[in-house]
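Here are some notes for a colleague who is opening this model for the first time. Please keep the sequence and the structure side by side while reading.

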Amino acid sequence: MAETSNLSGGPGGIKIIPLSEGTFTIDKTKLFVPFDDGIHDLQQRPVGSLLVEIQPFIIITSKDILLLDTGLGFVQKDSGINPSDITKVLLTHLHKDHAGGVSMGTNHQQLSFSNAIFYLQERELNFAFEKGFPSFMPEELEPLKRSGRVVLLKEDEGTIDDYIHYKITGAHSPYHQVFWIKDNDQTIFFGGDDAPQLQQMKHRFVAKYDHDGKKAMELRRSWWEEGQQEKWTFLFYHDVKNPIIEF
Ligand SMILES: [Zn+2]
């Protein structure tokens, strides 16, 4: 198979397609407001606004077409992959910028990606309904509760289909999980909001918005070290300049 510019991985290897939804600012209202460099001025946004990219990933392995988190819900267009081709959706956590795309229809009554199985933590789902808006969008998450296409993971750690390893970290949010995907001698690491940007891997940094910022910082340090030794490929959900770092 020929390589094209937006695909990563060697012949026969894993293919990675980052799906940028664009740049946004977020402040203490927790609303994501689109931000365009050419039009907008960060100084005009409320004090303390953070600039973030939102970027789910499609991973084509020898067994599946995986989608890692679903963004704010724009993922379904422009990826070159038909939404019905996705076979598994892996969700790190259910904050609205990561799980906004799980459902569709005017009342969000239907799960998206008609042929996919969704994998998420059961305790994260309960937590999302307990906390609700503005961090979570309960009405958009509703179909996750009653679909036969949902696997609610109950263990802190485990394996899906012999090649996808998941583990709860309790760092960015109490039931946030991270994934290692091992296929064709490659290891892809997706740390979601525990490891959102390259910059945070290189510099020690405690984020105020994390549930346990110190733990997240320590985890990033050890993943970065282990990943270099073990030659992982890192995916950064909130980093459009450096979406994929391969060792
Ligand atoms: Zn989050």
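1. The buried residues of helix 2 are covered by elements that include strand 10 (117-121), helix 3 (138-141) and strand 11 (150-153), where contact means heavy atoms within 4.5 Å. Helices (H or I, at least four residues) and strands (E, at least two) are DSSP runs, numbered from the N terminus.

2. This is a predicted model, in which local features need pLDDT of at least 70 and side-chain atom pairs count only at pLDDT 80 or more, while totals for chains, interfaces and linings use all residues. Residues are numbered from 1 along each chain as its sequence is written, and side-chain values use heavy atoms, with hydrogens and water left out.

3. In helix 2, which spans residues 122-131, the buried residues are E124, L125, F127 and A128; buried means under 20% relative accessible area, exposed over 50% and partly exposed in between (1.4 Å probe, protein chains only). Seen down the axis of helix 2, these residues fall within an arc of 165°, so they line one face of the helix; the arc is that of the directions from the helix axis to the C-beta atoms. Just after helix 2, G132 adopts a positive phi of about 65°.

4. T169 sits in the loop between strand 13 (164-168) and strand 14 (177-183), and is buried, with a relative accessible area of 7%. Leaving aside residues up to four places away in sequence, T169 touches H176, V178, D194, K215, L219 and W223.

5. G48, in the loop between strand 3 (32-34) and strand 4 (50-54), counts as exposed at 60% relative accessibility.
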